[in-house]
Amino acid sequence: MPLSEHEQRLFDQIERSLAEDPKFASAVRANDPRFHARRRLLIAAFVIVLGLALVVYGTVSQTTWLGVAGFVVMLGSAAFAMQSRRRGQAPDLKSVGGTATRRTRQSRKGGLIDRLEDRWRQRPEGHR
């Protein structure tokens, strides 16, 4: 249902006032999980580069433990980046009061047969 002219003007006025409020913008950004995930990805990329530098330096200086430490740093940072990426792709949505959350998938312990049986039970009734 489209908004009336009066409602559209009020909506535009509210939108302009919210856009001009830096405190509100920073509060929204601080609560956005995608913003934090993006920042963690940048930090992880920087640490991966540092780990690569440690590996190269350890190889050039023939210090095995330094190269291994650099590899461990790279591996840990890559795991951290993958975790941050997953969090950024599927953020938890909460209501303003913080009571409602997004439904998440239930983890299934069964295998292929159990999933196929579940799909068979959930199919529309007209398709047999």
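This is a working chat about one predicted protein model.

User: Before we start, what kind of model is this, and how are residues numbered?

Analyst: It's a predicted model, so local features need pLDDT of at least 70, side-chain atom pairs count only at pLDDT 80 or more, and totals for chains, interfaces and linings use all residues. Numbering starts from 1 along each chain as its sequence is written, and side-chain values use heavy atoms, with hydrogens and water left out.

User: Ok. How many helices and strands are there?

Analyst: Five helices and zero strands. Reading from the N terminus, the order is α-α-α-α-α. Helices here are DSSP runs of H or I with at least four residues, strands are E runs of at least two, and both are numbered from the N terminus.

User: How much of the protein counts as buried?

Analyst: 10% of the 128 residues. Buried means under 20% relative accessible area, exposed means over 50%, and partly exposed is in between (1.4 Å probe, protein chains only).

User: Which residues make a nonpolar patch on the surface?

Analyst: Val68, Phe71, Val72 and Leu75, which together have about 390 Å² of accessible area. To join a patch, a residue needs over 30% relative accessible area and no salt bridge; nonpolar side chains (Val, Leu, Ile, Met, Phe, Trp, Tyr) are joined within 5 Å, and like charges within 9 Å. Valine 68 sits in helix α4, residues 64-89, and is partly exposed at 46% relative accessible area.

User: What does valine 55 touch?

Analyst: Leaving out residues up to four places away in sequence, valine 55 touches Gly67, Gly70, Phe71 and Met74. A contact means heavy atoms within 4.5 Å. Phe71 is also one of the patch residues.

User: Where is valine 55, and is it buried or partly exposed?

Analyst: Valine 55 is in helix α3 and partly exposed, with a relative accessible area of 22%.

User: Switching topic: what's in the loop between α3 and α4?

Analyst: Glutamine 62 lies there. Glutamine 62 has a positive phi of about 55 degrees although it is not a glycine, and at 72% relative accessibility it counts as exposed.

User: How many salt bridges does the structure hold?

Analyst: Two. A salt bridge is a side-chain nitrogen of Lys or Arg within 4 Å of a carboxyl oxygen of Asp or Glu. Glutamate 117 pairs with arginine 121 at 3.6 Å, N to O, and arginine 121 also bridges to aspartate 118, with the closest N and O atoms 2.9 Å apart. That links Glu117, Asp118 and Arg121 in a network.

User: Why are glutamate 117 and arginine 121 about one helical turn apart?

Analyst: Because they are four residues apart in helix α5, which covers residues 112-121. Arginine 121 and aspartate 118 are three residues apart in α5, so about one helical turn separates them too.

User: How exposed is that trio?

Analyst: Arginine 121 counts as exposed at 56%. Glutamate 117 is partly exposed at 38%, and aspartate 118 is partly exposed at 21%.

User: How many aromatic pairs are there?

Analyst: Zero, searching the whole structure. Rings of Phe, Tyr and Trp (its six-membered ring) pair if their centres lie within 6.5 Å; planes under 30 degrees apart count as stacked, over 60 as edge-to-face and the rest as tilted.

User: What sits over the ring of tryptophan 120?

Analyst: The charged end of arginine 123, 3.8 Å from the ring centre. To count, NZ of Lys or CZ of Arg must be within 6 Å of the ring centre and within 35 degrees of the ring normal.

Key:
Accessible areas come from the Shrake-Rupley method with a 1.4 Å probe; for residues, only the protein chains shown count as cover.
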